[in-house]
Amino acid sequence: MSLNLVTAHTGSAHITAEQVASLIKGAISDDTTNLYRFQTGNKCEYQITDALQVQILTGDAVFNGRHFIVEETETIDIDPTSLNYTRIDGVFLEIYSDNDTSEELIRFEVVQGNEFLTSTGTPSYPATPTGIDDSHTLMHVFPWLYITTSYTTISTVEDNSKLYPNVLDITSDIDDIN
């Protein structure tokens, strides 16, 4: 049979990862340049919780056609800079595969930028990661947060993700136009 009910409400589990990915790519995007946070949980928002600590809160998001869930708050520690220096660190979301099993995995990776004397220089963004190790292949990378640190304090956080609108809000906006 060439017709298959993918999201049945009863019966045995039968949906495949490829079917879910196809649905996401069609409904949301397979965009490789944007990360879309959904309005679930705490919307995967970030919060500064300490002088050198940022948390990414719970929620669902999509990047490169892949849906992922932050089920528990992720705490990210940032190293201090030298006195009178500033640095921009990147918090990158990495999608990678295990070379033995081909399983796709996801993680956060913090990459430090170069320190610059605060009074005379301007810090630059850190390099985007290009690999992991011999047993994994890096597939997709997104620079989720850029965190500017001066000595022992986070001064700014640049969030590169986008909050995906609720479908009912979009429908309501379209109705208002008509």
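Trainee: Is Arg87 buried or exposed?
Mentor: Arg87 counts as buried, because its relative accessibility is 1%. Buried means under 20% relative accessible area, exposed over 50% and partly exposed in between, with a 1.4 Å probe and protein chains only.

Trainee: What sort of model is this?
Mentor: This is a predicted model, in which local features need pLDDT of at least 70 and side-chain atom pairs count only at pLDDT 80 or more, while totals for chains, interfaces and linings use all residues. Residues are numbered from 1 along each chain as its sequence is written, and side-chain values use heavy atoms, with hydrogens and water left out.

Trainee: Where is Arg87, and what does Arg87 touch?
Mentor: Arg87 belongs to strand 7, residues 85-98. Strands are DSSP runs of E with at least two residues, and helices are runs of H or I with at least four, numbered from the N terminus. Leaving aside residues up to four places away in sequence, Arg87 touches several residues, including Asp79, Gln112, Glu115 and Thr148; contact means heavy atoms within 4.5 Å.

Trainee: How far is the backbone oxygen of Asp79 from a polar atom of the Arg87 side chain?
Mentor: The distance is 2.4 Å.

Trainee: Changing topic, how many aromatic pairs are there?
Mentor: The structure holds seven. Rings of Phe, Tyr and Trp (its six-membered ring) pair if their centres lie within 6.5 Å; planes under 30 degrees apart count as stacked, over 60 as edge-to-face and the rest as tilted. Phe92 and Tyr146 form an edge-to-face pair, with 6.2 Å centre to centre and 85 degrees between the planes.

Trainee: Which parts does that pair tie together?
Mentor: Phe92 lies in strand 7 and Tyr146 in strand 10 (residues 136-150), so the pair links parts 54 residues apart in sequence. Phe92 is buried at 0% relative accessibility, and Tyr146 is buried with a relative accessible area of 12%.

Trainee: Which residues form an aromatic cluster?
Mentor: Tyr36, Phe38 and Tyr164 form one. Tyr36 also stands opposite Lys162 in strand 12.

Trainee: How do strand 1 and strand 12 pair?
Mentor: Strand 1 (residues 35-37) and strand 12 pair in the parallel sense over two bridges; strands pair if DSSP finds at least two bridges between them. They belong to an open sheet of four strands in the order 5-4-1-12, with mixed pairing. Its edge strands, strand 5 (66-70) and strand 12 (162-163), each pair on one side only.

Trainee: What is the order in the open sheet of three strands?
Mentor: The order there is 2-3-6, with antiparallel pairing.

Terms used: A polar contact is a pair of N or O atoms within 3.5 Å; within protein, one must be able to donate a hydrogen and the other to accept it, and residues adjacent in sequence count only if both atoms are side-chain atoms.
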